[in-house]
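Q: I am new to this structure and would like to learn how to read its features. Please take me through them.

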Amino acid sequence: MASFNSISSEKLARLVGTPKAPVVIDVRDDDDFAADHHLVPGSFHRGHVHVPQWAEEYRGRWVVVLCKHGGKLSEGAAAWLRHAGAAAEILDGGIEAWRAAGLPLVPVASLPNADPSGGSVWVTRSRPKIDRIACPWLIRRFVDPRARFLYVTPAEVEAVGERFGATPFDIEGVFWSHRGEECTFDTMVKEFGLSFPALEHVARIVRGADTDRRELEPEAAGLLAVSLGLSRMYADDLEQLEAGMTIYDALYRWARDATQEKHDWVSHGGKGKRP
């Protein structure tokens, strides 16, 4: 029987990837986590043993806690979080219920430095256009909400990555980059196991815009135009990233919920009127 302070896998999956998604914390014990090195998209792992120490960090926030089956570890951690002032729920049935629902899981091995606690650092070329905004959006919404991004002179990307512990992306010759006719966004969707149909649709649009193959999806031309416009509006790359997050939030929600919706305008007697 589901707890009154629980959320289903299906409901959580509708929230993942959106700006209003809860903080999702995986509190499986070390043995369970080692036996199944995967994460629910957008979640990160924190040890349940120390929840009295870290619960205060989430005061006033909405948190979903998960363990293997949605039992004692989730219930206990959620109770501590509520005690600290968080609005905490458990994932009903835990990660096993998520898996049984056929929902995507992120392999921990795909994370930079295989760090399941989040807070990854990435580095790429300055003056972003498409991939270098789309990929940070993807990472923050589906992989690591606490990820940070450094934009530097193109010739220094790999050196900065080496000296500052950052993962290079969207430059030639690194793991996280274009592969064949696919762009870096495609690479990340596949490597992180993010097989959400709407996200795969977004990936085709990003690929069409980023590789100048606008025939791949009708929306690719529009994304290219908006992306180039953003790059002219902002001199600060991080400000541009924050503005771009909204663009990709909207694109994802359209791909998930509104691809069949039309804006019809019918003229009656010289006056426009929606039916």
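**Around helix α8**

Q: What do the buried residues of α8 pack against?
A: Contact means heavy atoms within 4.5 Å. Here the buried residues of α8 pack against β8 (121–125), α6 and α9 (197–210). The model is predicted: local features need pLDDT of at least 70, side-chain atom pairs count only at pLDDT 80 or more, and totals for chains, interfaces and linings use all residues. Residues are numbered from 1 along each chain as its sequence is written, and side-chain values use heavy atoms, with hydrogens and water left out.

Q: How many helices and strands are in the chain?
A: Helices (H or I, at least four residues) and strands (E, at least two) are DSSP runs, numbered from the N terminus. This chain has eleven helices and twelve strands.

Q: Is helix α8 mostly covered or mostly uncovered?
A: Buried means under 20% relative accessible area, exposed over 50%, and partly exposed in between, with a 1.4 Å probe and protein chains only. Helix α8 spans residues 184–191 and is mostly covered, with six of its eight residues buried. They are T184, F185, D186, T187, M188 and V189. After α8 comes G193, with a positive phi near 70°.

Q: Is D186 buried or exposed?
A: D186 sits in helix α8. D186 counts as buried because its relative accessibility is 3%. Leaving out residues up to four places away in sequence, D186 touches A203 and R207.

**Cores**

Q: Which residues touch the most other members of the largest nonpolar core?
A: A nonpolar core is a set of buried Ala, Val, Leu, Ile, Met, Phe, Trp, Tyr and Cys residues joined through side-chain atoms within 4.5 Å. The largest one has 56 residues, and F142, F185, F192, L194 and L199 touch the most other members. Helix α6 (residues 131–143) gives the most to this core: eight residues. Another core, of 19 residues, lies apart from it and includes A55, V63, C67 and A84.

Q: What does F185 touch?
A: Residues up to four places away in sequence are not counted. The partners of F185 are D131, A134, C135, W137, L138, L199, V202, A203 and V206.

**Single residues**

Q: Where is Y151, and what is it in contact with?
A: Y151 belongs to strand β9 (residues 148–152). Y151 is buried, since its relative accessible area is 14%. Neighbours within four places aside, its contacts are T124, R125, S126, P128, R132, I133, P136, D237, L238 and L241.

Q: Where is D170, and is it buried or exposed?
A: D170 lies in the loop between β10 (167–168) and α8. Its phi is near 60°, a positive value in a residue other than glycine. D170 is buried, at 4% relative accessible area.

Q: What is the phi of D212?
A: D212 is not a glycine, yet its phi is positive, about 60°. D212 lies in the loop between α9 and α10 (220–233). D212 is partly exposed, with a relative accessible area of 48%.

**The whole chain**

Q: What radius of gyration does the chain have?
A: The radius of gyration is taken over C-alpha atoms, and the globule rule is 2.2 Å times the number of residues to the power 0.38. A compact globule of 275 residues would have a radius near 19 Å; the chain has 20 Å, which agrees. Its C-alpha atoms fill a box of roughly 60 × 60 × 30 Å, taken along the principal axes. Buried residues make up 51% of the 275 residues.
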